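Welcome, and thank you for taking a look at this one with me. Please glance over the sequence and the model before reading on.

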Amino acid sequence: MSNNESIKDTLDVIRRALEDKDDFTEKNENILILNKKVNDDGTVKLLNQSDDINAINKVIDKKLNDLMEKKMSAMLKNQLPIILDNYFKNKK
């Protein structure tokens, strides 16, 4: 299979999944799970091995941890002075 055919096949899978409304709920819980990965060089790899899935899970976990750390830091930076101020006001 050439790169163009591989890319076309992957895009067809995505298109069919997005068009299949029976697989999605009416809520905003739309999840599309694909079993193929497009590499930087344009090749498509079938993700059926646990090592591939573990590598993807590690990337997702790292991204989620980074986002949570940024959100928590921002929240604490903005809210902690207010919380401490209210705490010490109530102690008096």
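Here are some numbered notes to guide a first look.

1. Please keep in mind that this is a predicted model. The protein has 2 helices and 2 strands, and from the N terminus the elements follow the order α-β-β-α.

2. How much of the protein counts as buried? Of its 92 residues, 7% do. The accessible surface comes to about 8,600 Å², with 55% of that belonging to carbon and sulfur atoms. Among contacts with a separation of 6 or more, 25% are between residues 24 or more positions apart.

3. Helix 1 covers residues 3-19 and holds both lysine 8 and aspartate 12, which sit 4 residues apart, about one turn of the helix. Their side chains form a salt bridge, at 3.7 Å from N to O. Lysine 8 counts as exposed, at 55% relative accessibility, whereas aspartate 12 is partly exposed at 22%. The cut-off for buried is under 20%, so aspartate 12, with its 22%, is not counted as buried.

4. The count of salt bridges is 3, and helix 2 holds the pair lysine 62 and aspartate 66, 4 residues apart. The side chains of this pair meet at 3.2 Å, N to O. Here lysine 62 is exposed at 53% relative accessibility, and aspartate 66 is partly exposed at 33%.

5. Further along, aspartate 85 and lysine 89 also lie in helix 2, about one turn of the helix apart. Their salt bridge has an N to O distance of 3.4 Å. Lysine 89 is exposed at 54%, while aspartate 85 is partly exposed at 39%.

6. Which residues form the nonpolar patch on the surface? They are Met68, Met72, Met75, Leu76, Leu80, Ile83, Leu84, Tyr87 and Phe88, with about 870 Å² of accessible area together. One of them, methionine 75, lies in helix 2 and is partly exposed at 41% relative accessibility.

7. The ring centres of tyrosine 87 and phenylalanine 88 are 5.3 Å apart and the planes stand at 75 degrees, so the pair is edge-to-face. Tyrosine 87 is partly exposed at 45%, and phenylalanine 88 is partly exposed at 49%.

8. Finally, serine 73 lies in helix 2, which spans residues 50-91. A polar atom of the serine 73 side chain lies 2.8 Å from the backbone oxygen of glutamate 69. Serine 73 is partly exposed, with a relative accessible area of 43%.

Definitions and conventions
Residues numbered from 1 in each chain as written. Predicted model: local features only at pLDDT ≥ 70, side-chain atom pairs only at ≥ 80, totals over all residues. Heavy atoms only, no water. Buried < 20%, exposed > 50% of the residue type's maximum accessible area, 1.4 Å probe, protein only. Contact = heavy atoms within 4.5 Å. Areas by Shrake-Rupley, 256 points an atom, 1.4 Å probe, with all protein chains shown as cover. Polar contact = N/O pair within 3.5 Å; in protein donor to acceptor, adjacent residues only side chain to side chain. Phe/Tyr/Trp six-rings, centres within 6.5 Å; stacked < 30°, edge-to-face > 60°. Patch = residues over 30% accessible without salt bridge, like charges linked within 9 Å, V, L, I, M, F, W, Y side chains within 5 Å. Salt bridge = Lys/Arg side-chain N within 4 Å of Asp/Glu carboxyl O.
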